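Morning, everyone. Please bring up the model on your screens, and we'll walk through it together.

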Amino acid sequence: MRASEGKIWRIIARIDDEIIIKQASSVEKATRSVRNAVCQRLCDSAEIEYELGWWKGFRHKARRDFVDNFIGTPLYVQIDDEVEIELHEVPYEVYTIQQVRLTFRKMTLMSPDNIDAWGYLHWGPGDDEKMQLLGEKIPIPQHLSSSKGFEEEEIIALSDAQECLSECPKCKSEFPFGTLILVTENFRLIPANCCGNMIWLKEEDSEQNEDWT
Ligand SMILES: [Zn+2]
């Protein structure tokens, strides 16, 4: 959509009681810039790095949806129209640092170092800086998924790697005590502390082994 004489798209967001106003000649441009501004604030408050292109692709839909919770309705207005926050229906969204870190960093955090023997993913040294992975959804790596699109599966069980496998499929050494297998419907993910790898297996690779589930 092209802006006609003197008119502009205006979008307003509210985060931490701060109002952000962005205007542009197209609704897409205004949306991108307000999303970036909200994302920047979220990253600052969660003390994580702002990532360029954080919103791109179907894979990052969850991030866009999260950020969009802070953003009101775009309006096509005269440039010199007064800003009327009520007309934009700007939400009062509250969030936690944990939500932000998980939305933006979950898969970066998913490393053997950060996953303990009880299935907690740690994002800091504090006792409350962790979350239980059982019941959480994780994205399936593209090269393993059957469809071309983005797939997520829920972690439905945690198994003991030492009981299921005699050796690490990557480095062939014995799994350290407390190594887990994260079980989803079709996949197994092993945060292998022996070699520092996150090892993905398809369920059929392990069908011969009854101990898996
Ligand atoms: Zn290994």
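Let's start with a quick one: which residue in β2 does R14 stand opposite? It's I19. Keep in mind that this is a predicted model.

Now the strands around that pair. β1 covers residues 7-15, and β2 covers residues 18-24. They run antiparallel, and seven bridges join them. Look at the turn of this hairpin. Two residues sit between the strands. D16 takes a positive phi there, near 50°.

Step back to the whole chain. It is divided into domain 1, 7-98, and domain 2, 110-212. How far apart do the C-alpha centres of domain 1 and domain 2 lie? The answer is 35 Å.

Next, an open sheet. It has four strands, in the order β8-β9-β10-β11, and the pairing is antiparallel. Which strands are at the edges? Those are β8, residues 157-160, and β11; each pairs on one side only. Neighbouring strands of this sheet are turned by 25° against each other on average, direction ignored.

Let's go along it. β8 meets β9, residues 180-183, through four bridges, and the two run antiparallel.

F187 faces K202 of β11 as its opposite residue. This hairpin has four residues between its strands. Which residue takes a positive phi near 80° in the hairpin of β10 and β11? That's G196.

That's the tour. Over to you for discussion.

How values were computed. Residues are numbered from 1 along each chain as its sequence is written. This is a predicted model: local features need pLDDT of at least 70, side-chain atom pairs count only at pLDDT 80 or more; totals for chains, interfaces and linings use all residues. Two strands pair if DSSP finds at least two bridges between them. Domain bounds come from an automatic or database domain assignment. Axes are lines fitted to C-alpha atoms, for helices over the stretch in contact, and angles run from 0 to 180 degrees between N-to-C directions.
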